[in-house]
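Here are a few notes to read alongside the model.

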Amino acid sequence: MGHFYVCFACHHCNHCCTEVVCLPTPWDVVQIVKYTGRDPRTFLEFLTPDEIEGVAKNDPTWLQVNGEKYIMALKRDTVNGCFFLDRKTRHCTIYPARPLLCRLYPFRLHETRDGRFKAFSLHDDVGCPRFRDAKVPTQPLYEIFVQDREHQYDYHELVRAFNAKAYRGKKPEDFIDMFVEVRSPEKSVSGRSRSKGANRTGE
Ligand code: SF4
Ligand code: SF4
């Protein structure tokens, strides 16, 4: 077993909910749909490489549509931040169902060569002020990390299947249909899946 704690305290500066683009997995999207009852098209957007930085060109979550690449993100506006950030209280309105990536920010995992847990440190290039006046237990963090890694594998499989499809009128939003069913006209939704930070450019 590695380190039991990582020194960190969130001082709720809101940087991560205003300046950072949240890239949910399909599993995360399903949890938000279950929690809010919303059609995911109301809170998701699909960004091109020109609209986001910090995502590798060969990242396996790029969706291929008619020669262009898109990545699934939570909607965010340049003034108010994340779609789910309450404009008055500045609190997350989906806190119990927030994406795993939000729970792991700004922690960075360190594992041994044979893949066992070693420690968490704090990412030094993500904009968080990284206050260290508290101790966060690492075991629950590691469990979330492992869970998210599994979801990422599922996400990559879904993207591979989506990218293999070619049909007239293909849109990046069609990817949502691979893991959430929206029943019109009531617009009720249900999860279908078994079941990452980046910065938006130009801001
Ligand atoms: S950037 Fe860091 S301190 Fe600020 S809200 Fe996010 S986690 Fe908390
Ligand atoms: S989902 Fe919640 S915690 Fe995550 S970026 Fe949006 S407001 Fe912040």
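**Notes on the predicted model**

1. Strand 1 (residues 5-9) runs antiparallel to strand 11, and four bridges join the two. Strands here are DSSP runs of E with at least two residues, helices are runs of H or I with at least four, and both are numbered from the N terminus; two strands pair if DSSP finds at least two bridges between them.

2. A word on the basis: this is a predicted model, where local features need pLDDT of at least 70 and side-chain atom pairs pLDDT 80 or more, while totals for chains, interfaces and linings use all residues. Residues are numbered from 1 along each chain as its sequence is written, with chains lettered from A and ligands numbered from 1 in the order in which they are written.

3. Strand 11 covers residues 131-137, and zero of its seven residues are buried (20 or more other C-beta atoms within 10 Å of its own, C-beta atoms being placed from the backbone), so strand 11 lies largely in the open.

4. D177 belongs to the loop between helix 4 (138-163) and strand 12 (180-183). D177 is exposed (12 or fewer such neighbours) because it has 12 C-beta neighbours inside 10 Å. Its C-alpha atom is 9.8 Å from that of P40, although 137 residues separate them along the chain.

5. Around ligand 1, the surrounding residues (C-beta atom, placed from the backbone, within 6 Å) include C10, C13, C16 and C128.

6. The residues surrounding ligand 2 include C17, C22, R98 and C102.
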